[in-house]
Amino acid sequence: MKKSVFLAILISILSNQLSFSQEVYTSVLEQIERNSTELRVLRQMADAKVAEHHTGLAPDNPTVEAGYLWGMPSAVGPRIDVAVRQDFDFPTAYVWQRRLAVVRDSSAEYQYRYGRQQLLLAAKQTCIRLIYSDALVALRLADAERARQVADAYDKMLQQGGATQQEVNRARLGLTTTEAALTEAEMERDRCRSELQALNGGTPLQFECVEFPVAVLPVDTAAWLSAISAVDPSLAVARTESDAAQGAVSLARSRTLPRWSIGYMGEFVVDNTFQGVTFGLSLPLWGNAGRVRQAQLSAQAVKSQGDVIRLQLSTRYKSLLQEAQRLVTLIAQIDNTLPTADADLLHRAFLAGELSLTDYLLEQSLSSSALARRLAAQRDLHLLLAEMYAFKL
């Protein structure tokens, strides 16, 4: 009980830390959850699995037999036989069948939640890439506009004899390069929008966000990993599959106990009637040989697989955190150099004649590259954070 309360408080703290960051994507993710055809299919598959788990829990169908035998000689008269029999497993088998069905129901639900989480994670990461693409398009538009001004200026200077054809060609090459980069950014933006629409069940979806939200990294790594292990659906699937495998062992043991049957039998002949209750017992001496051992080995394999999944996830999340921390450092380093590489400042200096065309194009390229690298680092950081906090979706 105390552990549950602690985990609830822990998850609540992490939720408060992420509240602002999540608000940016909340509306989009809610629409996708309502409209996603993939999510609807996952729900139907989970419901079908639950129905399957509760099929076959009742005893076997009763058996009814009847016979009509002609007597020889005919004076003897016919004989009519009637038999009704119901077979049963040992009672504990039905108990474990129902318990196993309930555990498998939980596994099906957790599998659905995992599928839902992955769908919403893909949607959130697509939104992050769209923010990056929109920002990159704005950056490339500004670059292209400045390059166009430079190319136009050199065209006029060429006509007036103040520039060489080589300088004009260099300026036009700079314009072509920036326009190509702009086209690539626009294509990536359109791809992201198409992906969002597909995730939204084909319904057009508007997502407008001009900048990345505040990046929130876990302060307490141990607490963050504990919160993940408590609610992450992939780990829950592993736990329930292990419980189901253990339940299958108990079910296999119960089926090593005798089966029994009860029924009615009647024999009707001329002037005589024989009828009464029948009882039978089936001893599972050979039919179930090795099934308990097989169930035990399967349970051990499932448990080991769960341990591997937990180890892999823990390693994966720690690696994500390290990558995120490095990206935060990289963004800070870029921010320290950006003031000395202001694109507008360089453009004004060039127009004032303080920079040659070659120097300006070089400086402008470096400035634009730094800004693009910062945007890419922000994108990568938020993609990592989306995966790190996917358990909150």
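**Overview**

The chain exposes about 22,600 Å², of which carbon and sulfur atoms supply 57%; accessible areas come from the Shrake-Rupley method with a 1.4 Å probe, and for residues only the protein chains shown count as cover. The model is predicted: local features need pLDDT of at least 70, side-chain atom pairs count only at pLDDT 80 or more, and totals for chains, interfaces and linings use all residues. Residues are numbered from 1 along each chain as its sequence is written, and side-chain values use heavy atoms, with hydrogens and water left out.

**Architecture**

- The chain holds nine helices and four strands, where helices (H or I, at least four residues) and strands (E, at least two) are DSSP runs numbered from the N terminus.
- Along the sequence these elements follow the pattern α-α-β-β-α-α-α-α-β-β-α-α-α.
- Of the 393 residues, 37% count as buried; buried means under 20% relative accessible area, exposed over 50%, and partly exposed in between (1.4 Å probe, protein chains only).
- Among contacts (heavy atoms within 4.5 Å) between residues at least 6 apart in sequence, 81% join residues at least 24 apart.

**Strand pairing**

- Strand E2 (residues 79–88) pairs with strand E3 (residues 259–269) in the antiparallel sense over 10 bridges; two strands pair if DSSP finds at least two bridges between them.
- Within this pairing, Val82 has Gly266 of E3 as its bridge partner.
- The hairpin formed by E3 and E4 has two residues between the strands, and Asp271 in the turn has a positive phi of about 70°.
- In a regular strand the side chains alternate between the two faces of the sheet.

**Aromatic rings and charges**

- Six aromatic pairs are found in a search of the whole structure; rings of Phe, Tyr and Trp (its six-membered ring) pair if their centres lie within 6.5 Å, with planes under 30 degrees apart counted as stacked, over 60 as edge-to-face and the rest as tilted.
- The rings of Trp224 and Tyr317 have centres 5.7 Å apart and planes at 85°, so this pair is edge-to-face.
- Because Trp224 lies in helix H5 (residues 221–231) and Tyr317 in helix H7 (residues 291–337), the pair ties together parts that are 93 residues apart in sequence.
- Trp224 is buried at a relative accessible area of 0%, and Tyr317 counts as buried at 6%.
- Phe88, Trp260 and Phe279 are linked by ring pairs into a cluster.
- Arg43 lies over the face of Tyr112, 4.2 Å from the ring centre, and Arg379 over that of Tyr132, at 4.4 Å; the criterion is NZ of Lys or CZ of Arg within 6 Å of the ring centre and within 35 degrees of the ring normal.

**Helix details and burial**

- The buried residues of H5 are Ala223, Trp224, Leu225, Ala227 and Ile228.
- At the start of H5, a side-chain oxygen of Asp220 comes to within 3.1 Å of the backbone nitrogen of Ala222.
- Ala236, in helix H6 (residues 233–254), counts as buried at 4% relative accessibility.
- Ala236 and Tyr110 are 126 residues apart in sequence and 6.4 Å apart in space, C-alpha to C-alpha.
- Glu23, in helix H1 (residues 2–35), counts as exposed at 56% relative accessibility.
- Glu23 and Pro213 are 190 residues apart in sequence and 9.1 Å apart in space, C-alpha to C-alpha.

Terms used. Polar contact = N/O pair within 3.5 Å; in protein donor to acceptor, adjacent residues only side chain to side chain.
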